[in-house]
Amino acid sequence: MFFLLQAYNIHVNGVLHCRVRYSQLLGLHEQIKKEYGNNVVPAFPPKKIFTLTPAEVEQRREQLEKYMQAARGFLLKSTIISTVLSDTQQIPTEEVQLEIYLSNGQKVKVNILTSDQTEDVLEAVASKLDLPDELVGYFSLFLVQERGDGGCTYVRKLQEFELPYVSITSLHSSDYRIVLRKSYWDTAYDSDVMDDRVGLNLLYSQVKRGWILVNKEQHRQLKSLQEKGSKKEFIRLAQTLKYYGYIKFDPCITDFPEKGCHVIVGAGNNELNFHVKLPNDQMKEGSFKVTRMRCWRVTSSVPVANGTANPSSSSKCDVKLELAFEYLMSKDRLQWVTITSQQAIMMSICLQSMVDELMVKKSGGSIKKMQKKRLNGSFQRSDSQQTVKSPPLLDSPDPSREQVVKISTKLSSVSLRGLSSSNSASDISGNDFHGNYAFEGIGDDDL
């Protein structure tokens, strides 16, 4: 008699990371209980004595997904998860050489352990480049996919619990790279980076490949400064141009202002910028400020064959991802805007990091203070975080988020609907929403 062992895909920010069995997840649950206590860890889906029917397999998948979402706070704080993910890939802990790319295409080879987490690899790259310790917190590692046209697609920012070596090797494709780039949005921080020679070179190479809008005269000035090697002046001029510091996403679909519109989305300057092509081929541009997004969520769905989803065979390309945010269009009108894109989670991470940065600044903090807290091991994550629906995803928008106080003091002038009355995917509970701590309502004086 043969038994089929059911495996479940674990996605990290929308990308297939590994496949695990029920017993492996149960083992992870038991270890988390030992670390945090049985009374606080969510209940795990029970064992079944007999072979599961197809309907029961799907039911268990849904239960495991709910468990992973409910336990995500413990998972992300736990030191166990990276070991489990490494074990499921059957990769032994050993010394390897990992290639990290810079924005100018240069490769930096660092010697790491296969079990090293993102923070360890980032520090190894900084050491190899002679980047000062106080500037490490200004940069992050990103997983990107090279395109045939010479451009690249940002897949995700590598999270602290990830194992970069496992993440890149599990993709089995030379199209993917790990890239070092700045991870902040406020251009005021550029001055800190430019004061250091290595930081200046890193920022300069990124700005040269960035997405900015220039006229002929500005292009001439930039070219002249580049030829002179005037890097600081080049960056300062670029700072004045439209879309400086934005991340440009691949073309995708939105339901705003009409369903089925093709759109190019850019993230930067505390906003999502839309270049929309309407059904009549008319082009429109608009921006959605992060401070007017009351909440957002990322959802996913898998193809259904013969009435049953098959998550065990789903890959990244099979999963349909959507980012939906509720936007304050006017004084008392909130509207949901949805973006259908394989980069929906990367967009969500961008929104989260913008909010975090705004809140840190409003509380008198800085990137340097955030880095110091992280090194001292005193960083605490907020309980508010976005979740990703089916198949099971482990998603962490920003593990280094500070605890902050909600500052939406103008909400008395805004009529807000309850989360449960949302006109989008009403079957999703309020816990699936990411509340925006930087949301600011519009008062009479703002209109």
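## The chain as a whole

Of the 447 residues in the protein chain, 52% are buried (under 20% relative accessible area with a 1.4 Å probe, protein chains only). Keep in mind that this is a predicted model, in which local features need pLDDT of at least 70, side-chain atom pairs count only at pLDDT 80 or more, and totals for chains, interfaces and linings use all residues. Residues are numbered from 1 along each chain as its sequence is written, and side-chain values use heavy atoms, with hydrogens and water left out.

The protein chain has twelve helices and 19 strands, taken as DSSP runs (H or I of at least four residues for helices, E of at least two for strands) and numbered from the N terminus. Among contacts (heavy atoms within 4.5 Å) with a separation of 6 or more, 64% join residues 24 or more positions apart.

Searching the whole structure turns up six cavities of 30 Å³ or more. A cavity here is a set of points on a 1 Å grid over the protein atoms alone where a 1.4 Å probe fits but cannot get out, and lining residues have an atom within 4 Å of a point.

## The second largest cavity

This cavity has a volume of about 110 Å³, meaning the space filled by probe spheres set on the grid points. Its lining has 13 residues, with Phe 142, Ser 183, Trp 185, Ile 247 and Ser 353 nearest the centre.

Helix 11 (344-362) and strand 7 (176-182) each give at least two residues to that lining, and helix 11 provides the largest share, with four.

Methods
Buried < 20%, exposed > 50% of the residue type's maximum accessible area, 1.4 Å probe, protein only. 1 Å grid on protein atoms, 1.4 Å probe; cavity = no way out; pocket = protein on both sides within 12 Å on 5 of 7 lines; lining within 4 Å.
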